[in-house]
Amino acid sequence: MNRPAALRPNAVGLTKSDYGGRPSTLCKGCGHNAVANQIVQVAFELGLRPHEIVKLSGIGCSSKSPAYFLGSSHGFNALHGRMPSIATGALTANHHMRGLGVSGDGDSGSIGLGQFKHLMRRNLRMVYLVENNGVYGLTKGQFSPTAEDGLALKYAGTNPFPPVDLCTEALVGGCGFVARAFAGDAKQLRELLKAALSHRGTAVIDIVSPCVAFNNDDGSQKSYGYGRANEVPLEDIGWIPAQEDIVLDDHEPGETRIVELHDGSRLALSKVEHSYDPSSRTRAFERLQQAEARGEVLTGLIYFDSSRPSLSEVQALGDTPLALLPPDKLRPSREALERVLQRY
Amino acid sequence: MAVVHPASPRPTRSDGRRVADFSISVGTANGTGSQTANLTLLRSIFNMGVPVHGKNVFPSNIQGLPTWFHIRASAAGWVARQEPEIAVAFNPATLHEDAASLPPGGVLVLNGDLRGAPERDDVITYVVPVAELMNDVEVKGKVKDFLINMTYLGVVAQLLGIPLDIVHRSLDQQFGGRRKLVDTNLPVVEASWRWAEANLEKIDPFVIEPMDATSDLMLITGNDAAALGTVFGGVSFAAWYPITPSTSVIDALESHLAALRTDADGTPYYSVVQAEDELAAIGMVLGAGWAGARSMTATSGPGLSLMAEFTGLGYFAEVPTVIWDIQRVGPSTGLPTRTGQGDIAFAYGLGHGDGKHPIFLPASVEECFAFGWQALDLAERAQTPVLVLSDLDLGMNTWMAERFAYPDREMDRGKLLRGDQVPDDYGRYRDVDGDGIAPRTFPGDPNPAAAWFARGTGHDPNAVYSERPEHWYENTQRLSHKFDTIRGLMPDPIVDLVGQADVGVICIGTTIYATEEARFRLAHRDLGFSLMRLRGLPIDDAVRDFVARHERVLVVEMNRDGQLCGILRAELPDLAYRLHSLAYLDGLPYTADQVERWLAPHLEPDPATTPWENA
């Protein structure tokens, strides 16, 4: 079996191309394409069954991208900022499925901020990616709510308002998996994606994903140049499947923190910052504030807590998804109606 | 609704008594617990075998503002609102208003403890010594305040001739058999009834005598019936945001689902989510409908406004769900606790761009139940959002009803392809049957050919993004063709033709009750007309035929601009000149007097003026 890597099947007998989608219509070099490519790679490596994934998105450049990966998964391109509500209904109707949502900074930070926060509260089991470039692309270059204070853009002038930090918002909302990544750092993004897919509830990854058309000058915090120069990883991340032993490399054991994920897989966090503890919500707030003040692109797993049950766990739904209940379970009997009507 | 047809418009006895043919208005302050007394009085009349209906005319307020409860007893079975002949005045703020509202010969039942009681020589006044009757009551505080209402219950029941044991039984039913509550309230009712028997000389003509017109009937609100119908339609998922007057739909839904959709081990197989707003509620039910769960939401005008964009997406992406709109009076906050039919035009085309939605138009609690399950069937058959337009009057008030009929057909989940049934070249929007409805697949299907991407952007028959003009044109034409298929799936209108009548009247919803009563009276004036009650949109040929066979068709509806009339004119352009609007809205349900007054000029054989110009 000496086939080229692209043709080699994974654990569920699928090749990498089985996880592909339609050709991207985004700009060449757009960070979002890099993210889509990593999703394909991760899904292949994990041996995901595409039909067990629901792809979701809102409106914007980012939200087009679910068409570019997992072509044999069902997907729903919802309304601007309202992916969370479609996701909540779909993943409650079939709670065995995993949601993989792609949103943008305008989608989640402006019109969708309400739905974003309430999704965090409900802890729906889904991966929520924000492809964050600080700018509205399809409408040609207006500031998004995550644009930093003082950012100067050709179309929009100078931004006089402070940014919305979606990691902070996720934390406030009660999210138990808060991470930030940089589209230019493929390895870290892959490991975070794998861990997010193993999380019990909502996992947010805010991905700095530069807009090559409207926001890629090195002075902008959402540009490739700035990201490369100012990325501060909290830790080196290694995701380990449930069935594999943990093999630590390059780091002393004391430097590595093992985080157990809900499906039995583990995350090895080899600390870059010695004092950082992703299980402390207070510390996470503090570190995010610090990063903002310093102009750092802080990446890695910022906060992790898997103690809170997901929405379907709170609702204690039975094994059969609501969508697959047989007719006799859906409609109560004639006798049941008679019994109810006796009360009136 | 069960309507007994009387022999004459107003049956009066030779002895001058008015037997089971009058209206009562009870005026209290909101939040004083008067609802129990009012509903027990209603139930007592019902338990006497007499047809009865109650309407709550209440303020948007938790405590303190005036509230009225109207009870109409009618041996003939009429249930439209009727100006009261008996006023129970227990609210100091409205004493004068309540007394002034009475016709000469009316009855005022007055809380004797209230100062400044009005005097009217032409009405009969009974004064209830509330404090005296409450003397032996040991409880204190709020409960004592609540119990004050039991005094008028006892006094009015006695005055009307309702035996104490009937009142007792009704109180039991009202409290659902909760002993402690009955034991607290009953002594006050009893003491008041006996006080009235011993101290009041009955000099008014209004009485209830036993009948046998209600033994097969029950009492229920439209919202409760809607919830029950939805449960028997197999709903699995509901999302909502609280709003008057639709909240009680979901309250009832949750309680019925808990009772009927929970496994023996306590595991629920349903889900109800209280959303953060209506924008999210509609998104959630569309998400669930898309993923294969029968879903619904309930709202009212302001919420419906917020659901517009998503409903348009549901139409275009072809996703089933059911939206109950319990109409109130708008725009904006409007009159949140009053009734209307002002959402019809907005609901019919809800969303931007091209789009049309099937609408069920229930008029009775029986139809709330039936349309509850039928709307879920239609949503999945037609793969589109379906609306049900009820209103506050139907939804929140207590109506007599025949026992609901169990669904007479199997659940219709529409065109579905699963697993091996999905062809390799499956295209989500390919009209393989020629009826505009293409088979769908659910997420989670292991067949890779089953997957498709739902979206609001232009798409080809395979659900792939497309901006090609022919794809847009053909797709929206197919959607229009699908809407024509839906015409044949809506409930038929109820039509009652009068042989030679050249006037026809079209009604929707609860306006039928005042219209039927007015029609009965007008028939006694030899002013006959044909009547049709629409039960759904879009219309089919039955409506065209009705309009075509009458020279003038008057559309009676509860809004300002004649929204339904406008829709019918647009759907029947060649007959539009025959359609005339009789639209009126002030927040209250119509009385027969009103409708009789509006219709009569149009029916006069030789009108002095062109009547419809006055409409």
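This is a predicted model: local features need pLDDT of at least 70, side-chain atom pairs count only at pLDDT 80 or more; totals for chains, interfaces and linings use all residues.
1. The contact between the two chains. Chain B contributes 55 residues to the contact and chain A contributes 45 residues. On the side of chain B that touches chain A, at least two residues each come from β9 (217-221), α7 (222-232), β10 (237-240), β11 (271-274), α9 (278-291), α11 (308-317) and β18 (453-455). Of these elements, α9(B) gives the largest share, with 10 residues. Sorted by class, this side of chain B holds 37 nonpolar, 11 polar and 7 charged residues.

2. Strand β2 of chain A, residues 74-77, is joined to β18(B) by 3 bridges, and the two strands run parallel. Within this pairing, A:N77 lies opposite B:R455 of β18(B). In general, the strands of a sheet pair through backbone hydrogen bonds, in either a parallel or an antiparallel manner.

3. Two helices of chain B that also belong to the contact with chain A. Both α9(B) and α11(B) supply at least two residues to the side of chain B that touches chain A. Their axes come within 8 Å and cross at roughly 20 degrees. An angle under 35 degrees counts as roughly parallel, and α9(B) is therefore roughly parallel to α11(B). The crossing of α9(B) past α11(B) is right-handed.

4. B:G351 lies in the loop between α12 (344-348) and β15 (359-360) of chain B. Is B:G351 buried or exposed? B:G351 counts as buried because 20 C-beta neighbours lie inside 10 Å. Apart from neighbours within four places in sequence, the contacts of B:G351 are B:A308, B:E309, B:T311, B:G312 and B:Y315. One of these, B:T311, is 40 residues from B:G351 along the chain, yet the C-alpha atoms of the two are separated by 6.1 Å.

5. The five-stranded sheet of chain B. An open sheet is formed by 5 strands of chain B in the order β19-β21-β20-β23-β24, with mixed pairing. Why is one side of β19 (494-496) and of β24 (579-583) left without a neighbour in the sheet? These strands stand at the edges and each has a single partner strand, so no neighbour in the sheet is found on one side of each. From one strand to the next, the twist averages 20 degrees.

6. Strand β20 (residues 503-508) and strand β23 (residues 552-557) of chain B run parallel and are joined by 5 bridges. In that pair, B:V503 is opposite B:R552 of β23(B). On β20(B), β21 (530-534) and β23 of chain B rests helix α16 (residues 511-523) of chain B, whose direction makes about 150 degrees with that of β20(B). The strands β23(B) and β24(B) also run parallel, with 5 bridges between them. Here B:L554 stands opposite B:H580 of β24(B).

7. Oblique helices in chain B. Helix α1 (residues 34-47) and helix α5 (residues 164-174) of chain B pack at about 125 degrees, and their axes are 8 Å apart. The two helices are therefore oblique to each other, and α1(B) passes α5(B) in a right-handed crossing. Residues of α1(B) in this contact include B:T36, B:L39 and B:R43, and those of α5(B) include B:I166, B:R169 and B:Q174. By class, the contact has 4 nonpolar, 7 polar and 2 charged residues.

8. Oblique helices in chain A. The axes of helix α5 (residues 113-122) and helix α6 (residues 166-173) of chain A come within 8 Å and cross at roughly 45 degrees. These helices are therefore oblique to each other, and their crossing is right-handed. From α5(A), the contact takes A:F116, A:K117, A:M120 and A:R121; from α6(A), A:E169, A:A170 and A:G173. The classes represented are 3 nonpolar, 1 polar and 3 charged residues.

Definitions and conventions
Residues are numbered from 1 along each chain as its sequence is written. Chains are lettered from A and ligands numbered from 1 in the order in which they are written. Axes are lines fitted to C-alpha atoms, for helices over the stretch in contact, and angles run from 0 to 180 degrees between N-to-C directions. Helices (H or I, at least four residues) and strands (E, at least two) are DSSP runs, numbered from the N terminus. Angles under 35 degrees count as roughly parallel, over 145 as roughly antiparallel, 65 to 115 as roughly perpendicular and the rest as oblique. A crossing is left-handed if the near helix is turned anticlockwise from the far one by less than a right angle, and right-handed if clockwise. Two residues are in contact if their C-beta atoms, placed from the backbone, lie within 7 Å. Ala, Val, Leu, Ile, Met, Phe, Trp, Tyr, Cys and Pro count as nonpolar, Asp, Glu, Lys and Arg as charged, and the others, Gly among them, as polar. Two strands pair if DSSP finds at least two bridges between them. A residue is buried if 20 or more other C-beta atoms lie within 10 Å of its own, exposed if 12 or fewer, and partly exposed in between; C-beta atoms are placed from the backbone.
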